[in-house]
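Please read the following note beside the sequence and the coordinates. It is arranged as numbered points, so that each can be checked against the model in turn.

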Amino acid sequence: MIQSSAPDTLLRHLDWTIQRLEEILQREKTPYFRSAALQRFRLAYEMAIKCLQATGNRTKGLEIESSSEWQELSEAYKKIQSSLTDETAGNEIPKNSENELFDRLNAYHVTFQNLYKQLYKTLNDGSIP
């Protein structure tokens, strides 16, 4: 049995996480599924960061990392992290902030897909999945 390298394994996990995010975004917009979608976003972001760290120098200068889309995605992640901290502390989360984040998840999903394709292409000598 051939062992996969760490970046390849992380990349497969990123792909899986992105697919689960897409699935949850297609569900009804109940409070439960909205919360689940925000959690999936958070997991996808964290997995993307792990992939970028694991690939190191091979991915320096990727288009996505310096894009305004990635910067917006990073800000959204920080807002979600902050709201989770507030929620844990017993503070109420502003619904308009949560709604704004949820409304942007489809765009963030596309950003994750683009990052995945760029990482896959970089790690697999230019071939795209």
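1. The model under review is predicted, and its secondary structure comes to 5 helices and 0 strands. Read from the N terminus on, the elements run α-α-α-α-α.

2. Of the 129 residues in the protein, 36% are buried. The accessible surface comes to about 8,100 Å², and carbon and sulfur atoms account for 47% of that area. Among contacts between residues at least 6 apart in sequence, 76% join residues at least 24 apart.

3. Helix H2 has 25 residues and reaches 36 Å from its first C-alpha to its last, which is close to the 36 Å expected at 1.5 Å a residue. After H2 comes Gly 56, whose phi is positive, near 50°. Gly 56 is found in the loop between H2 and H3 and, because its relative accessibility is 26%, counts as partly exposed. Although Gly 56 and Pro 7 are 49 residues apart in sequence, their C-alpha atoms are 9.4 Å apart in space.

4. The buried residues of H5 include Tyr 108, Phe 112, Leu 115 and Leu 119. An α-helix has 3.6 residues a turn, so residues three or four places apart point the same way. H5 is followed by Asp 125, which has a positive phi, near 55°.

5. How many aromatic pairs does the count come to? The count comes to 6 aromatic pairs. One of them joins Phe 41 and Phe 112, with 5.7 Å from centre to centre and 50° between the planes, and this pair is tilted. Since Phe 41 lies in helix H2 (residues 31-55) and Phe 112 in helix H5 (residues 105-123), the pair ties together parts that are 71 residues apart in sequence. Phe 41 is buried, because its relative accessible area is 0%, which is under the 20% cut-off. Phe 112 likewise counts as buried, at 0% relative accessibility.

6. The rings of Tyr 45 and Trp 70 have their centres 5.5 Å apart and their planes at 20°, and because an angle under 30 degrees counts as stacked, this pair is stacked. Tyr 45 lies in helix H2 and Trp 70 in helix H3 (residues 68-88), so the pair ties together parts that are 25 residues apart in sequence. Both Tyr 45 and Trp 70 are buried.

7. Phe 41 and Phe 112 also belong, together with Tyr 108, to one aromatic cluster. Elsewhere in the account of the rings, Arg 34 lies over the face of Phe 102, at 4.2 Å from the ring centre.

8. Is Arg 20 buried or exposed? Arg 20 counts as buried because its relative accessibility is 17%, a value under the 20% cut-off. Arg 20 lies in helix H1 (residues 6-25), and its side chain makes a polar contact of 2.8 Å with the side chain of Glu 23.

Definitions and conventions. Residues are numbered from 1 along each chain as its sequence is written. This is a predicted model: local features need pLDDT of at least 70, side-chain atom pairs count only at pLDDT 80 or more; totals for chains, interfaces and linings use all residues. Side-chain values use heavy atoms; hydrogens and water are left out. Helices (H or I, at least four residues) and strands (E, at least two) are DSSP runs, numbered from the N terminus. Buried means under 20% relative accessible area, exposed over 50%, partly exposed in between (1.4 Å probe, protein chains only). A polar contact is a pair of N or O atoms within 3.5 Å; within protein, one must be able to donate a hydrogen and the other to accept it, and residues adjacent in sequence count only if both atoms are side-chain atoms. Rings of Phe, Tyr and Trp (its six-membered ring) pair if their centres lie within 6.5 Å; planes under 30 degrees apart count as stacked, over 60 as edge-to-face and the rest as tilted. A charge sits over a ring if NZ of Lys or CZ of Arg is within 6 Å of the ring centre and within 35 degrees of the ring normal. The expected span of a helix is 1.5 Å times one less than its number of residues. Contact means heavy atoms within 4.5 Å. Accessible areas come from the Shrake-Rupley method with a 1.4 Å probe; for residues, only the protein chains shown count as cover.
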